[in-house]
Amino acid sequence: MAIVDASRSVRAEARYVRAAPRKAQLIVDQIRGRTVPEARAVLAFMTRDAARDVRKVLDSAVANAEANHGLVGDELVVSAAYVGAGPTLKRWRARARGRVGRIRKRTCHITVALALPSGEAIPEPVERPAPVAAPLPEEPAAEEAVPAEEASPEEEPKAKPTRTPREQAPEAEAADEEAKRKPKRTRAAKQKAAGEPGAGEPEAAKPRTRQRKKTTETEGSEG
C-alpha cells in the first residue's frame, strides 16, 4: 500500500479499493493542494463512504514521510491526488422472463502524494540499523548423577511423602475391622497382663440365696 518517491514527493497508493472511480475522484478533488491538517478536517466531515479509504491513504503517506525521511507530517502539502480505474467484478441478477440483469462492481486505485510547501526536494531516506538478534541464553549444564555405591553415607534418606486423608482411609477401615474380629479380653486377663496383685485368682462365688431356701424347706419337712 505504501510507495515512496525519492524525487520531490512522498506518496502512498491503495490498489483494488472497492469503490467506484467516479465517486472516489470527487473526494480527492477536495483535498488536492491543501495542507495535511486541512485535508484531514475535510475528509472527517464528508459523508461519502469512499472518504474513509482516501483518509487511510493520506495517513499512510504521512507515516512514510515521518518514518522514512524524518519530516513533520503537519508541515506537508497534498501535491497530487488522483484515482485510477481498477478491474470490474461482473455479477448477474435474475430478471423477468428468464432474463438476467448485469451488475458491475467497480474497483479503483487511489494515490496521494505529499511535498514540502517550498517545493524543495525530499531528503534521502534515513538509514536504519540492521536488527541484531539477541543471543540465546546458555542452558545450565546437566548435573552428573552420582552412582549409589559412591554416594556418601552421611546423606540422609529422603523423607517419605505424606499421604492425604483420602489415601489413609482404606487402611483405617481395615484396622477397625481387625479390631472387631479380635476376642475381647476379660478383666482378669487384663490384670494378669498388667502384673497387678491378685491377678489370675478366681472371683469369689456369689451366695446363692435361692438354693439355701430350698434346703431349709426340705429339712423342716423331715423333722
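**Around helix α2 and strand β6**

The buried residues of α2 make contact (heavy atoms within 4.5 Å) with α1 (21–31), α3 (50–69), β3 and β6. Here helices (H or I, at least four residues) and strands (E, at least two) are DSSP runs, numbered from the N terminus. You are looking at a predicted model, in which local features need pLDDT of at least 70 and side-chain atom pairs count only at pLDDT 80 or more, while totals for chains, interfaces and linings use all residues. Residues are numbered from 1 along each chain as its sequence is written, and side-chain values use heavy atoms, leaving out hydrogens and water.

Which residues of helix α2 (residues 36–44) are buried? They are V36, A39 and L43, where buried means under 20% relative accessible area, exposed over 50%, and partly exposed in between (1.4 Å probe, protein chains only). These residues lie on the same side of α2 because they cover an arc of only 60 degrees around the axis, taken from the directions from the helix axis to the C-beta atoms. An α-helix has 3.6 residues a turn, so residues three or four places apart point the same way.

Now turn to β6. In this strand (residues 108–115), 8 of its 8 residues are buried. In a regular strand the side chains alternate between the two faces of the sheet. In β6, C108, I110, V112 and L114 are buried on one side, and H109, T111, A113 and A115 on the other.

Strands count as paired if DSSP finds at least two bridges between them. Strand β2 (residues 10–17) runs antiparallel to β6 over 6 bridges, with E13 opposite T111. Strand β3 (residues 77–85) also pairs with β6 in the antiparallel sense, over 8 bridges, and G84 has H109 as its bridge partner.
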